[in-house]
Amino acid sequence: MKSSDLDIERETVEHFILGNEKAFEQIFNRSKGKLKGFLGKALPKDEDEESVLQEVYLKLWSTRKFIHPDKNFEAYLFAIARNLVIDVMRKRLHRRKYLEELYLLSKERHPGNGDTFAAVEYSEL
């Protein structure tokens, strides 16, 4: 019985849950292409999808004991990826708000000084 569309057998998932590194390697090799495609579409173009992909597998490994082998493993894996994409977008939003506030504060305190760090950072948004 397959655990997902990624062609990952339930037995492999069960071994992975127990900490088997070979099972993890199989999961990695079978899922990385599909995950990378998802991240490439979901993340902004200037975001490093490789680092987010690494985070997905780190999170997968650290939460493996919570995986239910009877459930759809692919759904679990892509939920991790989706949540990390949301985290990236949330961090970008917070950074943007911070830089906007910094820029406005800088303009208030130093009118006419257009070469401030905040102005440079803000212009990169």
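The largest nonpolar core of this predicted model comprises 23 residues. Those with the most contacts inside it are Leu35, Leu39, Val56, Leu60, Ile67 and Phe73. A nonpolar core is here a set of buried Ala, Val, Leu, Ile, Met, Phe, Trp, Tyr and Cys residues joined through side-chain atoms within 4.5 Å. Buried means under 20% relative accessible area, exposed over 50%, and partly exposed in between (1.4 Å probe, protein chains only). At least two core residues come from each of α1 (10-17), α2 (21-42), α3 (49-62) and α4 (73-109). Helix α4 supplies the largest share, eight residues. Helices are DSSP runs (H or I, at least four residues), numbered from the N terminus. In soluble globular proteins, nonpolar side chains tend to be buried together.

The model is predicted: local features need pLDDT of at least 70, side-chain atom pairs count only at pLDDT 80 or more, and totals for chains, interfaces and linings use all residues. Residues are numbered from 1 along each chain as its sequence is written, and side-chain values use heavy atoms, with hydrogens and water left out.

Leu39 touches Glu49, Val52, Leu53, Ala81 and Val85, not counting residues up to four places away in sequence. Contact means heavy atoms within 4.5 Å. Phe38 lies in α2. Phe38 is partly exposed, with a relative accessible area of 27%. Leaving aside neighbours within four places in sequence, Phe38 contacts Phe78, Ala81, Arg82 and Val85. Its C-alpha atom is separated by 9.6 Å from that of Glu49, eleven residues apart along the chain.

The axes of α1 and α2 come within 7 Å and cross at roughly 125°. This makes α1 oblique to α2. Axes are lines fitted to C-alpha atoms, for helices over the stretch in contact, with angles from 0 to 180 degrees between N-to-C directions. Oblique covers what remains after roughly parallel (under 35 degrees), roughly antiparallel (over 145) and roughly perpendicular (65 to 115). The crossing of α1 and α2 is left-handed, meaning that the near helix is turned anticlockwise from the far one by less than a right angle; clockwise is right-handed. Thr12, His15 and Phe16 of α1 meet Ala23, Phe24, Gln26 and Ile27 of α2.

The axes of α3 and α4 come within 10 Å and cross at roughly 130°. These helices are therefore oblique to each other. Their crossing is right-handed. Helix α3 contributes Val52, Glu55, Val56, Lys59 and Leu60 to the contact. Helix α4 contributes Phe73, Tyr76, Leu77, Ile80, Ala81, Leu84 and Val88.
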